[in-house]
Amino acid sequence: MRESVQAEVMMSFLVSEELSFRIPVELRYDTCDPYAVRLTFHLPGDAPVTWAFGRELLIDGVGRPCGEGDVRVSPVDPETLGEVLIRLQVGSDQALFRSSTAPLVAFLDRTDKLVPLGQEGALADFDAHLDDALDRILAEQGAG
């Protein structure tokens, strides 16, 4: 059965040291993809942009700097854990967001009640999904 957890959080989009503005960000966790969280950023004047990355990265990033590559999450001040920075990067372009830690922790707590951390494998039947995907690819190649 497919279940999900959603929340909306106001984050600051840090354009530069002098310029930032608050935007709504939708957080979503779905049992059909139990390892990932999705953040949909609603930037003014643009279509919403969704990023998916590991739930564990967001959990760990609340308390210490985490991530490599395109997504990095870290506390603003590791001593107080009051705010979190989320850095998203594509090539040389990057976006930096600041959020209060409390709503992220509340959202993550709800995801943990739905699927406890470490129990994702019970929901994720990767072998069946891989077999289905390979069957579709082979069927497409055979038809083409």
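Phe97 is buried, at a relative accessible area of 3%, where buried means under 20% relative accessible area, exposed over 50% and partly exposed in between (1.4 Å probe, protein chains only). This is a predicted model, in which local features need pLDDT of at least 70 and side-chain atom pairs count only at pLDDT 80 or more, while totals for chains, interfaces and linings use all residues. Residues are numbered from 1 along each chain as its sequence is written, and side-chain values use heavy atoms, with hydrogens and water left out.

- Seven strands make up an open, antiparallel sheet in the order β4-β3-β2-β1-β7-β6-β5; strands (E, at least two residues) and helices (H or I, at least four) are DSSP runs numbered from the N terminus, and two strands pair if DSSP finds at least two bridges between them.
- The edges belong to β4 (49-54) and β5 (71-75), each with a single partner strand, so one side of each has no neighbour in the sheet.
- On average, neighbouring strands of this sheet are turned by 30° against each other, direction ignored.
- Strands β1 (residues 4-14) and β2 (residues 20-30) run antiparallel and are joined by 11 bridges.
- Within this pairing, Met11 sits opposite Ile23 in β2.

**The aromatic cluster**

- There are three aromatic pairs in the structure; rings of Phe, Tyr and Trp (its six-membered ring) pair if their centres lie within 6.5 Å, and planes under 30 degrees apart count as stacked, over 60 as edge-to-face and the rest as tilted.
- Phe13 and Phe21 form an edge-to-face pair, because their planes stand at 90°, with the ring centres 5.3 Å apart.
- Phe13 and Phe97 are stacked, with 5.1 Å from centre to centre and 20° between the planes.
- Ring pairs join Phe13, Phe21, Phe41 and Phe97 into a cluster.
- Phe13 counts as buried at 17% relative accessibility, whereas Phe21 is partly exposed at 29%.

**Around Phe21**

- Phe21 belongs to strand β2, and apart from neighbours within four places in sequence, Phe21 touches Met11, Ser12, Phe13, Val15 and Pro44; contact means heavy atoms within 4.5 Å.
- Between Phe21 and Pro44 there are 9.8 Å in space, C-alpha to C-alpha, and 23 residues in sequence.

**Helix α2**

- Helix α2 (residues 101-114) lies across β1, β2, β3 (36-41), β6 (83-90) and β7 (93-100), and runs at about 160° to β1; axes are lines fitted to C-alpha atoms, for helices over the stretch in contact, and angles run from 0 to 180 degrees between N-to-C directions.
- With 14 residues, α2 reaches 20 Å from its first C-alpha to its last, close to the expected 20 Å, a span defined as 1.5 Å times one less than the number of residues.
- Thr101, Leu104, Phe107, Leu108 and Thr111 are buried in α2.
- Seen down the helix axis, the buried residues of α2 fall within an arc of 130°, so they line one face; the arc is that of the directions from the axis to the C-beta atoms.
- Ala102 and Lys113 are exposed on the other side of α2.
- The cover over the buried residues of α2 includes β1, β2, β3, α1 (55-61), β6 and β7.

**Ser99**

- Ser99 is in strand β7 and counts as buried at 1% relative accessibility.
- Neighbours within four places in sequence aside, Ser99 is in contact with Val9, Met11, Gly82, Glu83, Val84 and Leu104.
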